[in-house]
Amino acid sequence: AAPTSAMGRIDDAIRRSQDWFWARQSAQGYWHAPLEANVSMDAEYVFFNRFMGRRPPQEKGVVDHIVATQLGDGSWPLYHGGPGHLSDTIEGYFALKLAGFSPDDAPLAKAREFIRAHGGLEKAGVFTRTFLSYFGQFPDWALPAMPVEVILLPPWFPINIYALSSWARGTVVPLTILMAKSPRIAIEAGMGVEELWLERPTPERLGYPRSREWITWRNFFLAVDRTLKLLGRSPWKPLRQRAMRRAEDWIVSHQDWNGGWGGIQPAMINSVMALRALGYADDHPAVAKGLQGIDDFVAEHEGQVFYQPCVSPTWDTALALKAMLDCGADPTRPGMVKAAEWLIANQIFKKGDWSIYNPDLEPGGWAFEFANDWYPDVDDSAVILMALILSFLATLYPA
């Protein structure tokens, strides 16, 4: 019989919650749940596959997920429960066309109406513009300037790759190679998105407006962008080959043991596409491992197949272990011990990019993912230490 008192119901809920966790703990001791984001993850997996000239079997499930998550007004949201988002909807639309949907199919007809009603392609965001450009669907001159030579700037310079956050750095370095190479992937007739233009694209329509104030950071960076584009038109680029080699070496050296880069989708797909643009074949070890690492992020959950932006086993395990301890679980129980041992075994003892600015600091942090040795983070490290300390103390001083 179900308990009737308030405390009895609380104790029963805690017991059932613990049972739920025990049933889902892996044999190795960690907990891990899929991480769902928005349609851009699914769509960019399709873009990536077409860029690489492949069509893996799991893509069908991802395409089905794109259709299943479309809102009633034809759009896709940036976050669950949110309103329709223009760039995400453009990406979802293009991905479905690349997957073989007809413009007359209901998902595309509804999405097209939403996109055109909200400004069309000229209002697309930077990353959406970039993906479209690979397939000849957006003009290169409307993209921000990202010269590969930026990788040659030393760490003491105000603008350099190590002044960026880790995920941005892992995304931008390969992106500069792609910008320099300007790859063009041929697609079949009818798979483009020219119908999403409201008017003919011109620099005036696709440019970013200046701030009304004379001196602002926006105006400064717009001026820098115009200057870089002007310099980029010059055929004389004395540092280009050196920068390309440096960026290529950086990408190859930063690949994790599981084939990923930084444990996050943008860095991973950009890196493999950059290697392809440099002429690497599919059977090159870096590309082969990268393809596997990218495919490993496809998840199936509750009958849905979708693409994850990253995976979170150390974070999930640390929070689960701490929650178990907070609600009175026995710290000597084998599952608790295995979880703590798994976390300890996954501590990172190699120096990553953080050591550029902290050369004397000893390594010892944790990352979010199964493999991300270059970028341990403060959040995971702090919560894992909290959980391990609580586990150790609970073992010494049982209730």
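Aromatic ring pairs number 17 in this structure, which is a predicted model. A pair of aromatic rings is described by the distance of the centres and the angle of the planes.

**Tyrosine 45 and tyrosine 307**

- The ring centres of tyrosine 45 and tyrosine 307 are 5.0 Å apart and their planes lie at 20°, so this pair counts as stacked, given that planes under 30 degrees apart are classed in that way.
- Because tyrosine 45 belongs to helix 2 (residues 39-51) while tyrosine 307 belongs to strand 2 (residues 304-307), the pair ties together parts of the chain that are 262 residues apart in sequence.
- Both partners, tyrosine 45 and tyrosine 307, are buried.

**Tryptophan 156 and phenylalanine 157**

- Tryptophan 156 and phenylalanine 157 make an edge-to-face aromatic pair, with 6.2 Å from centre to centre and an angle of 70° between the planes.
- Tryptophan 156 has a relative accessible area of 71% and is therefore exposed, since the class of exposed residues begins over 50%.
- Phenylalanine 157, with a relative accessible area of 33%, is partly exposed.

**A cluster of rings**

- Phe47, Phe51, Phe94, Phe131, Tyr134 and Phe135 are linked into a cluster by ring pairs.

**Threonine 171 in helix 7**

- Threonine 171 is located in helix 7, which covers residues 166-181, and its relative accessible area of 2% makes it a buried residue.
- When neighbours within four places in sequence are left aside, the residues in contact with threonine 171 are Phe127, Pro266, Ala267 and Asn270.

**Two loop residues with positive phi**

- Serine 182 is not a glycine, and yet it has a positive phi of about 45°.
- This serine 182 sits in the loop that runs between helix 7 and helix 8 (203-206), where its relative accessibility of 34% places it among the partly exposed residues.
- Glutamate 302, likewise a residue other than glycine, has a positive phi, with a value near 50°.
- The loop between strand 1 (298-301) and strand 2 holds glutamate 302, and this residue is exposed, with a relative accessible area of 73%.

How values were computed. Residues numbered from 1 in each chain as written. Predicted model: local features only at pLDDT ≥ 70, side-chain atom pairs only at ≥ 80, totals over all residues. Heavy atoms only, no water. Phe/Tyr/Trp six-rings, centres within 6.5 Å; stacked < 30°, edge-to-face > 60°. Helix = DSSP H or I, 4+ residues; strand = E, 2+ residues; numbered from the N terminus. Buried < 20%, exposed > 50% of the residue type's maximum accessible area, 1.4 Å probe, protein only. Contact = heavy atoms within 4.5 Å.
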